[in-house]
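Subject: Structure handover

Hello,

Please find the structure below. My notes on it follow.

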Amino acid sequence: MKFKSMALLMLTMAMPAMADQVTVNTQGVSLVLDVENGQPAKYLYFGARLDERDKANLSVTANGRMDVYPAYGLNTPAESALALRHADGNMSTALVATGYDSRQEANATVTVIHLKDAVYPVKVDLCYRAYKDVDLIEAWSEITNEEKGTVTLTTFASAMLPIRRGNVWMSHLSGTWASEGYVNNELLTPGEFVIRNADGTRNSHTDHAEVMFSLDGKGQENVGRVIGAALVYGGNYKLKAVTDDTDYHYFFAGINEENSEYHLRKGETFKTPALALTFSNEGLSGASRNFHKWGRKYVLAHGSQLRDILLNSWEGVYFDINQQGMDQMMADIASMGGELFVMDDGWFGTKYQRNSDNCALGDWEVDRKKLPDGIDGLLRDAKKNGVKFGIWIEPEMTNTTSELYEKHPDWVVKAPKRDAVLGRGGTQLVLDLSNPKVQDYAFSIVDNLLSKYPEIAYIKWDANMGIMNHGSQYLSMTDQSHLYIAYHQGFRKVVDRIRAKYKDVVIQCCASGGGRANWGMLRDFDEFWVSDNTDAFQRIYMQYGTSYFFPAIAMACHISAVPNHTVFRTTSLKYRIDVAMSGRLGMEIQPKNMTDEEKALCKKAISQYKEIRPVVQMGDLYRLVSPYDNEGLASLMYVSEAKDKAVFYWWKMANFYNVHLPRVKMAGLDANRIYKVRELNAIDLKPLYCEGKAYTGKYLMDHGLEMPYTNEVEWGKKTDWSSRVIYLEAE
Ligand code: GLA
């Protein structure tokens with residue numbers, strides 16, 4: 001025994017201190033780090049789950065900078081994840097490991113790597129939450145100041161990930177109001193590719209805080225290795241892919257530090273938002289499926305409950321709200337089989353009546369001139385009509401013309417010593433959520449409504465302005481740079497309070513359309529409004545892009561009137577239905593202007609949507625043909641987890657004579673099972689050739705079904721639009 005331990009001791013002395021491999025595993029993904037006390041923690045591996053036998057061979061590559069969390073100061077030319085000014089003014093930081101540990105949560109394991117500066121008492125914990133049932137790892141850092149004075153954080157990424165250089169393509173979303181969620185694909189080349197947001201309140205109208213990296217050339221939907229990364233933060237963000245003179249691309253993601261330096265007080269810990277990382281061997285759609293599963297299970301509210309089919313009043317009546325009109329709309333949506341009616345903007349304001357977008361935000365009292373019986377009357381009518389009731393609010397905002405602003409001019413965001421910059425309607429202002437009094441007020445809007453009217457089933461929470469002028473009337477002059485971060489901390493506190501008290505209410509996250517389609521924003525929300533643009537044709541592009549990161553259950557997609565109110569395009573009703581039915585179906589229209597025939601088609605669609613709702617809202621998404629590839633069509637499908645049901649969507653994107661469209665191969669089915677075909681929303685005079693026939697999953701995936709290029713209807717009803725929805729049920 002003695003001899004053995006002597007030998008062991010000699011061995012230890014003769015060898016340099018051995019580094020530990022710290023492995024963070026999900027069922028399909030591995031992240032392996034090299035952690036040696038006194039040394040910086042290094043990346044060894046990130047990708048498909050590693051076989052244990054390969055782990056022994058891993059070593060830190062010499063061809064790149066593998067520091068897990070590079071800090072600024074001792075390798076200044078390189079990009080850093082963390083930069084700070086110590087209490088004494090020193091701007092350099094050098095982090096080394098002091099150990100690691102892990103803890104179990106109900107559905108995940110959290111591994112923490114402890115780092116500290118070798119000279120200064122600044123500690124950084126790198127945290128990794130690996131889910132047991134989803135291929136997703138959340139990575140974030142926690143920075144603690146144990147110095148004698150304040151430490152100023154000037155760069156504070158959530159995480160950095162090195163990606164082996166090669167034919168690596170980045171897919172990301174961009175857009176603007178009424179045109180959100182467009183897909184962009186870029187080859188990573190030397191230099192920096194930066195995606196940033198500085199809106200302050202909303203962060204996904206333009207660029208998005210989510211990306212995918214296709215490692216084997218331009219991304220394909222169902223094959224190829226893909227890394228997905230989503231920053232779980234509703235505020236200003238910065239994502240950066242840096243390609244330099246090494247063999248790696250370096251991906252940094254975190255809060256946008258611009259104009260946001262953070263004063264970390266003695267004893268305080270700053271927790272960065274999580275970066276949600278996934279990996280798939282099944283292409284872009286594979287990475288999407290991982291995000292969708294995680295989002296449904298761990299981020300969204302009620303992610304395992306099917307969503308109601310609703311009518312929203314906005315495009316139907318805009319600000320022209322009145323009791324009888326609301327009652328009529330409720331009766332109409334009920335008669336078509338809908339389950340919920342949502343009264344949008346225009347219902348409030350007494351001193352200032354909300355007849356346009358230029359007044360009354362903040363005055364959340366029912367306008368009795370429009371609605372003499374108040375919310376009681378609306379709830380009474382909803383009950384009478386057999387639908388649930390929902391209501392629109394915009395809690396973070398006010399107008400200069402409002403009772404709220406008259407009472408609390410000090411509650412708005414504005415630059416010190418300057419007039420406030422005004423937004424929507426020429427009068428809108430953002431309330432300063434860094435102020436606890438404003439947080440209480442925002443909470444009280446929802447609390448007043450829901451405590452008085454517990455029957456309210458749904459809230460549409462809107463946010464129609466960004467922070468245009470930098471300044472908080474609450475924060476000290478020293479901490480003005482905390483505004484953007486404090487705003488979102490305040491926002492979170494409000495939502496957490498609401499959710500602690502009101503677990504059941506459904507809350508839609510809206511921000512002039514899709515301004516808040518972001519996983520940080522969506523925690524505890526049920527869904528989001530994809531875009532104010534409801535044109536079915538443009539929606540195909542937007543919904544296709546948005547589906548890269550967000551599941552159908554969260555994507556509000558509404559059938560609206562033609563000519564469309566944004567682009568003035570006239571599409572067929574079937575086409576509008578077929579597009580809206582690929583997400584969370586609703587209507588955004590004045591039913592009283594619809595013909596009986598149109599209502600009947602919608603009624604049929606709603607009843608058929610109820611059949612496929614579990615597949616669309618809970619199933620796995622397989623995107624098949626991208627509208628961005630200009631093949632003349634777009635197609636995708638959802639497959640139930642048990643692979644016994646699937647819904648296939650096919651939309652023609654252009655109508656020219658003698659144009660030859662590709663036949664679409666399906667995906668995600670069980671090759672050995674037999675699926676029976678049934679067309680939904682059928683309008684053709686004759687059934688489809690494949691109607692009622694049964695095909696093997698293999699045939700459908702290897703070969704696919706021909707879709708006729710046009711819908712064959714009566715001569716006078718023909719249009720230049722054509723689409724199909726096919727329901728497949730395993731025998
Ligand atoms: C925003 C929303 C719309 C509607 C209006 C109401 O623009 O995106 O859906 O609610 O506000 O003013």
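Helices (H or I, at least four residues) and strands (E, at least two) are taken as DSSP runs and numbered from the N terminus. On that basis the protein chain has 14 helices and 35 strands. This is a predicted model, in which local features need pLDDT of at least 70 and side-chain atom pairs count only at pLDDT 80 or more, while totals for chains, interfaces and linings use all residues. Residues are numbered from 1 along each chain as its sequence is written, and side-chain values use heavy atoms, with hydrogens and water left out.

Overall shape

The C-alpha trace spans about 90 × 70 × 45 Å along its principal axes. Of the 731 residues, 60% are buried; buried means under 20% relative accessible area, exposed over 50%, and partly exposed in between (1.4 Å probe, protein chains only).

The ligand

Around the ligand there are 13 residues, and the closest are Asp 344, Asp 345, Lys 460, Gly 513 and Asp 532. A polar side-chain atom of Asp 344 is 2.7 Å from a ligand oxygen atom. For Trp 529, a polar side-chain atom lies 3.4 Å from an oxygen atom of the ligand. The ligand taken alone exposes 310 Å², and the protein buries 97% of that; these areas come from the Shrake-Rupley method with a 1.4 Å probe.

Two residues

Thr 272 sits in the loop between strand S18 (269-271) and strand S19 (275-280). Its relative accessibility is 3%, so Thr 272 counts as buried. Leaving aside neighbours within four places in sequence, Thr 272 has contacts (heavy atoms within 4.5 Å) that include Tyr 69, Trp 140 and Phe 156.

Gln 323 belongs to helix H5 (residues 323-335). Gln 323 also counts as buried, because its relative accessibility is 11%. Its side chain makes a polar contact with the side chain of Asp 381 at 2.7 Å. Such a contact is a pair of N or O atoms within 3.5 Å; within protein, one must be able to donate a hydrogen and the other to accept it, and residues adjacent in sequence count only if both atoms are side-chain atoms.

Regards

Definitions and conventions:
Near = heavy atom within 4 Å.
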